[in-house]
Amino acid sequence: MPTGQYMYNHPPAAGTPHLPPQGMQSFHVPGAPQIGYEFSNCTGKRKALLIGVNYFGQRGQLRGCINDVKNMSTFLHDRFNYKREDMVILTDDQQNPRSQPTKQNILQAMHWLVKDAQPNDSLFFHYSGHGGQTKDLDGDEGDGYDETIYPVDFRYNGHIVDDDMHRIMVAPLKSGVRLTAIFDSCHSGSALDLPYLYSTRGVEKEPNIAKEAATGLFDAMSAYSRGDLGGVAQSAMGIFKRATTGRGAEERAKRTKTSAADVIQWSGSKDSQTSADATENGEATGAMSYAFIRALSKNSQQSYQQLLTSIRAELQGKYSQKPQLSCSHPLGTDGYPLDSSQMEFKF
């Protein structure tokens, strides 16, 4: 856990989010050197990369991903002062080949997003499209699978793996740089490989191997009842992987993927869940993109904990997916009674 001290100029009013702690925070990860990070005050340069893929004419075509990008770009511009000229938008309805969400264009745009970022800059990444999983090759995934996103040309050039997205967009960032990432895709809970996952109670989630095994067993039985033998095998393998390597993988991820930057990810679902291609107010949209914009439109001054609860409330009763919050560093300090998940979320 962190060992830094919170320093506030004055106590916040009751019921309002707290101000960010000032100065360098430090914490210790077992098996790794002491790590320092600094919260961004988000007063510097703003840049955004927005990606929406409907996969026109392909099997599994989606309806709402381009709408998600249009809605998010308007939201960022009108409510949070992101300039149009500082946004890169990749959607598969554009004629310019460089604006298509191909694998090459997405990777190049990711490099553009983080290039020359300085402390207190605010970077924003939004992806709406298909997501998936593939076999983990470096031992940092408790369930044995890396998470992936699917460019428009994935059938020819392949997917993009979470390890690569972390390497490009998280690892190079300096302390005090904010990157906010929104993944509106299936299996996206740890799409940026951020090792600290938080609950709606504002506390860090610890792996619950027994509970996850029970969930996996239920999934396997459901697949069997549908005659889906492939689903049975995948669920059974997930149970085995989680039971034998889960905690070790979590510890490895904290040693290797903890960052000095201020990176926050909001994802549309757990790694084991799908995300809905929905219709809201007569418009095709991704459920997560819709909920994020709607929750902040109702109240732009929410804490991390409040916003996660608000996003889930927008989807409750309509969709089974559970949006997730993960971070590049812990939200809290040893010996301090306030968990900083109660701090105001800014970007």
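Buried means under 20% relative accessible area, exposed over 50%, and partly exposed in between, with a 1.4 Å probe and protein chains only. Helices (H or I, at least four residues) and strands (E, at least two) are DSSP runs, numbered from the N terminus. The model is predicted: local features need pLDDT of at least 70, side-chain atom pairs count only at pLDDT 80 or more, and totals for chains, interfaces and linings use all residues. Residues are numbered from 1 along each chain as its sequence is written, and side-chain values use heavy atoms, with hydrogens and water left out.

**Stop 1: helix 4**

Select residues 162-169, which make up helix 4. Six of its eight residues are buried, so described by the cut-off above. They are Asp162, Asp163, Met165, His166, Ile168 and Met169.

**Stop 2: strand 7**

Now select residues 145-149, strand 7. Five of its five residues are buried. Colour Tyr145, Glu147 and Ile149, which point one way from the strand, and then Asp146 and Thr148, which point the other way.

**Stop 3**

Two strands pair if DSSP finds at least two bridges between them.

Together the three strands form an open sheet in the order 6-7-8. Strand 6 and strand 8 are at the edges with a single partner strand each, so one side of each has no neighbour in the sheet.

**Stop 4: the cavity**

Which residues line the largest cavity? Select Pro20, Phe39, Ser40, Arg178, Asp262, Tyr304, Met343, Glu344 and Lys346. A cavity is a set of points, on a 1 Å grid over the protein atoms alone, where a 1.4 Å probe fits but cannot get out; lining residues have an atom within 4 Å of a point. The lining divides into four nonpolar, one polar and four charged residues.

Definitions and conventions:
On a 1 Å grid over the protein atoms alone, a cavity is a set of points where a 1.4 Å probe fits but cannot get out, and a pocket is an open set with protein on both sides within 12 Å along at least five of seven lines; lining residues have an atom within 4 Å of a point. Ala, Val, Leu, Ile, Met, Phe, Trp, Tyr, Cys and Pro count as nonpolar, Asp, Glu, Lys and Arg as charged, and the others, Gly among them, as polar.
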